[in-house]
Amino acid sequence: MSNFDIAVIIPTLNEEVFISQCLDSIIKQTYPFQQMDIMVIDGGSCDKTKEIVAYYHRKYKNIRLISNPKKIQSAAFNLGVKHSSAPYIVRLDAHAEYNNIYIETCIELLKSIPNIGNVGGVWDIRPQNRTLQAEANAILNKEKFGIGGASYRIGSTARFVDTVPFGAYPRVVIQDIGNMREDLARGEDNEYNSRIKGKGYKIFLDPRIRANYYARSSVKNSIKQMFSNGISIGKLLHIAPRSVSLRHLIPMIFVSSLILFSILSFIRPIFYTILCLILTTYLISDFIATMFSCIKNGFKYFIILFLLFPCIHIAYGCGTIIGLIKN
C-alpha cells in the first residue's frame, strides 16, 4: 500500500465491453505505470468483467480487483481510498478511455495550484456503436439544450469550476473532507465537490485532460439514466442543496409548470392559454436546438433528436420531483 504515488480507483458493474480499453489507456499513460496502484472496485458483476481484470492482474501486479458489496460508486471510492496509502487519488470510470497525459496532467496541477482540492478535464462524448440511437445519444450529451451546459461536456478553457468528472484529489484533502456519502447512489460527486468548495478548496478544469466517454446505446437506456439522475437531484435538494445548480432544476420547473397549469386550466381558461404558451415556447426551442444540432451533425438525426430532447427533459424533471417527494 505504501509503494505507490497514485491510487487509481475504477468502480465497475458489468463493464465487460469497456474495461479492457479503459485499462489499456491507463497502461499507456505518460506517468510511470509502476507508480500507480490501479484498483478495479467491482460491485458484483455477473458478466466477464472480473475475468478480464484477473487477466490484467496476471500481467500487471499493480492492477487488482476489490469487491464492493454495497455496489454503488460512492462506496467504491471509499474502499479505494481505504485500500491504498498513495498521496494522490484519481477516480476514473470504466465506461471511458483516457488520453495518455491524463494522469500526469492531473498530478502536475494538484502539485502546482495552491489550495487545490480537485482537478479534472473534459469528455469527448462518443457513441457506443454506429446505430442511429447511439449516435443521437452522443450528440444529445454534447448539446446545451440536451443535458445542460456543464463545462466538461461542451468543452471549456482552463478555469476554476464547481465540478469536474472523474476527479483527482490530494489525499490530505480527502482526509479533511471525509468519505463520500454512501446514502447517495447517484450525485455523490456533486455533493462531494460541494463539500470541497465549502471547505475553501478550489476545483480546476483543464481541457488538456481528456476522456473518451461512451454515451448510452439506446433511447430507452438514456431516458432511464436521466430519470435516475433526476431522482438523485431531488434527494440532493434535501441533504446538500448547495450542490444543486439552477440548470439541474430547469427540467423539474418545466414539468411542474405543465402539471400545474394542466390542472388549473380546468378552473379558468386563462391557465389553458398559459399552458399552450409554455408548450409552444418549448417546442419552438426544441425545433431550433434540433436544427442547429443537425446542421453540425446531419439531418438524419432530426426526428430522433426532436423527440429525444423532450423525453429526457421530462424524465429528468419527473425523477427530480419523485426524488424530492420521497426524501
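These notebook entries record what I looked up in this predicted model.

**Entry 1. Ground rules.** I number residues from 1 along each chain as its sequence is written. Local features need pLDDT of at least 70 and side-chain atom pairs count only at pLDDT 80 or more, while totals for chains, interfaces and linings use all residues; side-chain values use heavy atoms, with hydrogens and water left out.

**Entry 2. The chain as a whole.** I found 13 helices and nine strands in the chain; these are DSSP runs numbered from the N terminus, helices being H or I with at least four residues and strands E with at least two. The radius of gyration (taken over C-alpha atoms) is 21 Å, close to the 20 Å of the globule rule for 327 residues, so the chain is as compact as a globular protein of that length. That rule is 2.2 Å times the number of residues to the power 0.38. Along its principal axes, the C-alpha trace spans about 70 × 40 × 40 Å.

I then looked up burial: 52% of the 327 residues count as buried. Buried means under 20% relative accessible area, exposed over 50%, and partly exposed in between (1.4 Å probe, protein chains only). Among contacts (heavy atoms within 4.5 Å) with a separation of 6 or more, 79% join residues 24 or more positions apart.

**Entry 3. Helix 2.** Which residues of helix 2 (residues 49-59) are buried? I noted Thr49, Ile52, Val53 and Tyr56. Seen down the helix axis, these buried residues fall within an arc of 95°, so they line one face of helix 2; the arc is that of the directions from the axis to the C-beta atoms. They pack against strand 1 (6-12), helix 1 (19-27), strand 2 (36-42) and strand 3 (63-67). On the face turned away from the buried side I found the exposed residues Glu51 and Arg58.

**Entry 4. Ala76.** I located Ala76 in helix 3 (residues 73-82). Ala76 counts as buried because its relative accessibility is 1%. Leaving aside neighbours within four places in sequence, Ala76 is in contact with Ile9, Pro11, Ile41 and Asn68. Ile66 is 10 residues from Ala76 in sequence, and their C-alpha atoms are 8.8 Å apart.

**Entry 5. Ile284.** I found Ile284 in helix 12 (residues 269-297). Ile284 counts as partly exposed because its relative accessibility is 47%.
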